[in-house]
Amino acid sequence: MREILIAGAIALFLSLFGTPGLIRILARRGYGQIIRDDGPSSHHTKRGTPTMGGIIIIFATAVGYFIAHAISRNTVSTSALLVLGLMAGLGFVGFLDDWLKVSRQKSLGLNAKQKIFGQIVVAATFAYLGINFPDRDGLTPISQNLSTVRDTSITLGTTLVIIWVVIMVTATSNGVNLTDGLDGLATGAAVMTFIAFILIGVWEFGQSCAVSPGANCYLVRDPLDIAVLSAALAGACAGFLWWNASPAKIFMGDTGSLALGGALAGIATTLRIELLLIPLGGLFVIISASVILQVAYFKISGGKRIFKMAPLQHHFELMGWGEVTIVLRFWIIAGLCVAAGLGLFYAQWVTA
């Protein structure tokens, strides 16, 4: 438990007090946000706000995690290293996208195929490595079985596991990317989900088959260390949110949104609660669904729209809602989704 507190506190400190320095560096170099001309007109005032803030989130998370282990003198786990690698890899894909935007001074960086290809390569590497490196009990970081609130009896096999993880990672990283359209929206929702992962990781450790053998115990490789990593992520996002809240002094950019999405999917996979990510990340699912529905209906109906604009948060902007109002109400939705996910997790344990 001490490691969890240390990791979260250090990551929070680094992100909170390191972000102003990053803002100054990015501003001096002119690395400001490029705003799409077809977006809400209220967003044009945000043009030039420093972007690529995801750099500090990744840095603070990694430093907080490793310092916590250095202080406690516990070894780092393979599971956490793989999630950190996934986060860094997707962050690099997002960084390339952000870099191209600011260097070209256009709202288009990597094209869709290039971005998806990068996500697939990083996710597939994570999945392949995750089904290797068994511990002395034979547990690998990623299970070969499909998991809901815990592993099920449905065995996927190596190929299907890799495909499934790739789908999860790309869907979640793009979901966070779509949500990152208003000041603090994605960051705040991510904090709630990472806190839920802390609780789940601690619970799985306390009820693990190694600590508490029984018919209802959990077979998870490194649940407590994943809780430490989740705490570092929650702390890093909370510190960044101080500067990212409206009016934002910095944006996380694709560097941050792809990295956070990857971290969410990676942690859900290593905790073996893959399908539970749907309610825990419910806001990201809802916003992604709004885009899918908008595009599908536009094509089927010959140009008609369900929403004034997608993603969903922009629909409410065009309805006249204030940005802060939208963010707060969407945070409430995110909190309710997280509560529902935790309820499902605990209910399964009680009734099993």
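How many disulfides does the count come to? By the rule that a disulfide is a pair of cysteine sulfur atoms within 2.5 Å, the count comes to 1 disulfide. The structure is a predicted model, in which local features need pLDDT of at least 70 and side-chain atom pairs count only at pLDDT 80 or more, whereas totals for chains, interfaces and linings use all residues. Residues are numbered from 1 along each chain as its sequence is written, and side-chain values use heavy atoms, with hydrogens and water left out.

**View 1. The disulfide of Cys-209 and Cys-217.** A disulfide is a covalent bond between the sulfur atoms of two cysteines. Here the sulfur atoms of Cys-209 and Cys-217 lie 1.9 Å apart, and the link is right-handed, with 85° about the S-S bond. Cys-209 is partly exposed at a relative accessible area of 22%, while Cys-217 is buried at 13%; buried means under 20% relative accessible area, exposed over 50%, and partly exposed in between, with a 1.4 Å probe and protein chains only.

View 2. Cys-237 counts as buried at 0% relative accessibility, and Cys-337 counts as buried at 17%.

**View 3. A network of salt bridges linking Asp-97, Lys-101, Lys-115 and Asp-254.** Side chains of opposite charge can pair when their charged atoms come close. A salt bridge is taken as a side-chain nitrogen of Lys or Arg within 4 Å of a carboxyl oxygen of Asp or Glu, and by this rule the count comes to 7 salt bridges. Lys-115 and Asp-97 meet at 3.3 Å, N to O, and this pair links distant parts of the chain, 18 residues apart, with Lys-115 in helix H4 (residues 112-130) and Asp-97 in helix H3; helices are DSSP runs (H or I, at least four residues), numbered from the N terminus. In the salt bridge of Asp-254 with Lys-101, the closest N and O atoms are 4.0 Å apart, and the partners, 153 residues apart, lie in helix H8 (residues 253-270) and helix H3 respectively. Asp-97 counts as buried at 1% relative accessibility, as does Asp-254 at 6%, Lys-115 at 14% and Lys-101 at 16%.

**View 4. The largest nonpolar core, with 91 residues.** Such a core is a set of buried Ala, Val, Leu, Ile, Met, Phe, Trp, Tyr and Cys residues joined through side-chain atoms within 4.5 Å. The residues with the most contacts inside this core are Ile-57, Phe-194, Phe-197, Leu-260 and Ile-273, and its largest share, 11 residues, comes from H7. Leaving aside neighbours within four places in sequence, Ile-57 is in contact (heavy atoms within 4.5 Å) with Met-87, Ala-236, Cys-237, Phe-240, Met-252 and Leu-260.

View 5. Ser-230 is buried, with a relative accessible area of 0%. Not counting residues up to four places away in sequence, Ser-230 touches Phe-194, Phe-197, Ile-198 and Ile-267.

Key. Helices (H or I, at least four residues) and strands (E, at least two) are DSSP runs, numbered from the N terminus.
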